[in-house]
Amino acid sequence: MISYYFWKEGIFIKTRKIISKIHLWLSMLAGIFIVLIGLTGSLLVFEPELNNLLHPNLYKVTEGEKVTYQQALEVVSEAYPNGQIDRVYTPSEPKARGVYLFRLKEGEEQKKIFVDPGTGNINGTLGDQALFSLIAEFHEKLLLKDFKGEQIIGIIGFIFFFITLSGLYLWWPGIKKMARGFTLRRNANPFIRQYDLHKVIGGVSIPFLLVVSLTGALFVYDEVIFGWFGAKAKVMPPEEQLISTVLPSGKLPLDELISMAEKEVPQGTVMQIRMPGEAEKGTPEGAVEFRLSDSYDPGNGNVKVWLDQYSGKVVGKLDPHVDSGLVYQTWHLPLHTGSFGGLFTKILYAIGGLTPSILMFTGVYMWWYKKKNKNKRKQKTDTKAVV
């Protein structure tokens, strides 16, 4: 019985050492990227608010009767005749903060056009070189447009997930000794203080870190992983269904299409409009996608309605409250960004994005402290051997 106990303890110690090494190596390999991704993520949580502080003129809203969506669309189209509008954020969408926000592509550059809903005038423009455009580009692609940055970010997300899992194993004190996992010892040496800080912050943030690391990685690899189990990450109506049939009368005004979309979701609010790209020769034109938010929507626009641009006919609709199989795609983005709980969860997520920085600092200090003491012991041993 005693020999079995010592054998079991030996296996536990060896396993713990191996996992500790894996935790260290993975942290050394991807630590600096995880820290930078966490910091940029904290900033992106409050992108609309911070952008408003940096560029208050962009969010100017003149009081009075609002110009229509179609009028605002025509103003932008006239100002950027070579631009292709792909999204329209309504004043209700958090990113827009009360203005009409158009996203268009002009050549190779993506631009955001801010339109005052009171006057219909363009307040200003932000391009690819704007601060938050660069922050988002780094967070999502490491600024590596031509080097598969998204795939690298996805791999880093999985590495971070495994670092967090190994950290959970190393932190776990057991049910009966749970309090030890949240104890900061006073009057201890520097190593112990940093160890306790690392342990407590890591223990508190583990649920958050597991969620954001996994959801971040799944933005890139969810289709592949779901495919392993014969499932689909995202449910969509058939592509051949989401088309517009050209009529001699021409396309309907955007205002009319919005009104039709709102009738399909009576309690919903239009958040975003996704315009179909220019159809290639010989291919049908696409339908306009409207994203609406309802009372049961954890994000901003998970109810989707597709309308024919010419007739206004509904050619597709997805509603998480009605259709099955939409749980993942409904909660994926809100869980990653913290938008599901309003200001409270956004603050928690912004704070959570700072934890990798603290964990890296304390982890590097512990590694350096151990290495320094190991070298000291080796020097003493060498000195004694010489004597």
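Q: Helices are DSSP runs of H or I with at least four residues, numbered from the N terminus. In which helix is Thr 40 placed?
A: The model is a predicted one. Helix 1 covers residues 2-45, and the place of Thr 40 is in helix 1.

Q: Is Thr 40 buried or exposed?
A: A residue counts as buried when its relative accessible area is under 20%. The relative accessible area of Thr 40 is 11%, so Thr 40 is buried.

Q: Beyond its neighbours within four places in sequence, with which residues is Thr 40 in contact?
A: Helix 4 spans residues 131-141, and its buried residues include Ile 135, Phe 138 and His 139. With sequence neighbours within four places left aside, the contacts of Thr 40 are Ile 135, Phe 138 and His 139.

Q: Which residue just after helix 4 takes a positive phi?
A: Helix 4 comprises residues 131-141. Just after this helix, a positive phi of about 60 degrees is taken by Leu 142.

Q: How many salt bridges does a search of the whole structure find?
A: A salt bridge needs a side-chain nitrogen of Lys or Arg within 4 Å of a carboxyl oxygen of Asp or Glu. When the whole structure is searched, the number of salt bridges found is eleven.

Q: How many residues apart in sequence are the parts tied together by the pair Glu 49 and Arg 97?
A: Glu 49 and Arg 97 form a salt bridge, with 3.9 Å between the closest N and O atoms. Glu 49 belongs to helix 2 (residues 47-54), whereas Arg 97 sits in the loop between strand 1 (84-89) and strand 2 (100-106), so the separation in sequence of the parts tied together is 48 residues.

Q: In which helix does Lys 346, linked to Glu 49, lie?
A: Glu 49 also forms a salt bridge with Lys 346, their closest N and O atoms being 3.1 Å apart. This pair links distant parts of the chain, 297 residues apart: Glu 49 is in helix 2, and Lys 346 is in helix 9.

Q: Is Lys 346 buried or exposed?
A: Glu 49, at 27% relative accessibility, counts as partly exposed, and Arg 97 at 35% is likewise partly exposed. Lys 346 has a relative accessibility of 17% and therefore counts as buried.

Q: Which element gives the largest share of the nonpolar patch?
A: A nonpolar surface patch of about 840 Å² includes Met 28, Phe 33, Leu 354, Trp 367 and Trp 368 among its residues. The elements that give two or more residues to this patch are helix 1 and helix 10 (355-386). The largest share, five residues, comes from helix 1.

Q: What separation do the C-alpha atoms of Ile 347 and Gly 174 have?
A: Ile 347 is found in helix 9 and is partly exposed, with a relative accessible area of 38%. Ile 347 and Gly 174 are 173 residues apart along the chain, and their C-alpha atoms are separated by 30 Å.

Q: What radius of gyration does the protein have?
A: The protein contains ten helices and ten strands, and its C-alpha atoms fill a box of roughly 100 × 45 × 40 Å along the principal axes. For a compact globule of 387 residues the radius of gyration would be near 21 Å, but the value for the protein is 27 Å.

Q: What percentage of the accessible surface belongs to carbon and sulfur atoms?
A: Of the 387 residues, 43% count as buried. The accessible surface comes to about 22900 Å², and the share belonging to carbon and sulfur atoms is 62%.

Definitions and conventions
Residues are numbered from 1 along each chain as its sequence is written. This is a predicted model: local features need pLDDT of at least 70, side-chain atom pairs count only at pLDDT 80 or more; totals for chains, interfaces and linings use all residues. Side-chain values use heavy atoms; hydrogens and water are left out. Buried means under 20% relative accessible area, exposed over 50%, partly exposed in between (1.4 Å probe, protein chains only). Patches are made of residues with over 30% relative accessible area and no salt bridge: like charges are joined within 9 Å, nonpolar side chains (Val, Leu, Ile, Met, Phe, Trp, Tyr) within 5 Å. Accessible areas come from the Shrake-Rupley method with a 1.4 Å probe; for residues, only the protein chains shown count as cover. Contact means heavy atoms within 4.5 Å. The radius of gyration is taken over C-alpha atoms; the globule rule is 2.2 Å times the number of residues to the power 0.38.
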